[in-house]
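Dear colleague,

Here is the structure I promised to hand over, with my notes below it. Please look through the model first and then read on.

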Amino acid sequence: MEQVAAIKSKFKGFSVSAGRYKLKAKGILQPTARSAQYTVEVIYHLNGAPEVSVLDPVLQESANGEAIPHIYPGKKLCLYRPKYGEFKSSDLLADTILPWASLWLYHYENWHATGEWMGGGEHPNSKSNSN
């Protein structure tokens, strides 16, 4: 219930439902005042990895056909590096996953404008997993 309260407190427009082992949150993120509004959904199974999807608008490859960087199969956002323990089950989604999703969307918009991913990290869809 702490997760639900934190999301409702910090992300006022989000709807949140929680069962015994699963939380689902859905709402609008807008990285900057000039950014698009993105409807996102977070599904979090207790002690699992949160999955974040952008429901609207649909994420698009670049104008030259380059695949979207930092994304998992099913167009789930790659927000952190699990092997380094950057997210723990004790972390609040409202303090980590949702702000990270907004930052990811900011870098996604810049990637479309410049052709370069400037958010750092490791690409989960690359063979070398290098930046």
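**What was found**

Leaving out residues up to four places away in sequence, Ser102 touches Leu29, Gln30 and Pro31, where contact means heavy atoms within 4.5 Å. Ser102 lies in helix 2 and is buried, its relative accessible area being 17%; buried means under 20% relative accessible area, exposed over 50%, and partly exposed in between, with a 1.4 Å probe and protein chains only.

Please keep in mind that this is a predicted model, in which local features need pLDDT of at least 70 and side-chain atom pairs count only at pLDDT 80 or more, while totals for chains, interfaces and linings use all residues. Residues are numbered from 1 along each chain as its sequence is written, and side-chain values use heavy atoms, with hydrogens and water left out.

The protein chain has two helices and six strands, in the order α-β-β-β-β-β-β-α from the N terminus; these are DSSP runs numbered from the N terminus, with helices being H or I of at least four residues and strands E of at least two. Of its 131 residues, 38% count as buried. The radius of gyration, taken over C-alpha atoms, is 15 Å, which agrees with the value near 14 Å that a compact globule of 131 residues would have; the globule rule is 2.2 Å times the number of residues to the power 0.38.

The largest nonpolar core has 33 residues, of which Ile7, Phe14, Leu77 and Trp104 touch the most other members; such a core is a set of buried Ala, Val, Leu, Ile, Met, Phe, Trp, Tyr and Cys residues joined through side-chain atoms within 4.5 Å. Two or more residues each come from helix 1 (2–10), strand 2 (22–29), strand 3 (38–45), strand 4 (51–56) and helix 2 (97–114), and helix 2 gives the largest share, seven residues. Beyond its neighbours within four places in sequence, Phe14 is in contact with residues including Ile7, Ala25, Val40 and Leu98.

Some backbone features also deserve a look. Most residues other than glycine have a negative phi, and most peptide bonds are trans. Asp56 and Pro57, however, are joined by a cis peptide bond with omega of about -10°, and Pro57 lies in the loop between strand 4 and strand 5 (71–72). In that loop lies His70 as well, with a positive phi near 55°; His70 counts as buried at 3% relative accessibility. Lys75, in the loop between strand 5 and strand 6 (76–77), has a positive phi of about 55° and counts as partly exposed at 39% relative accessibility.

With best regards
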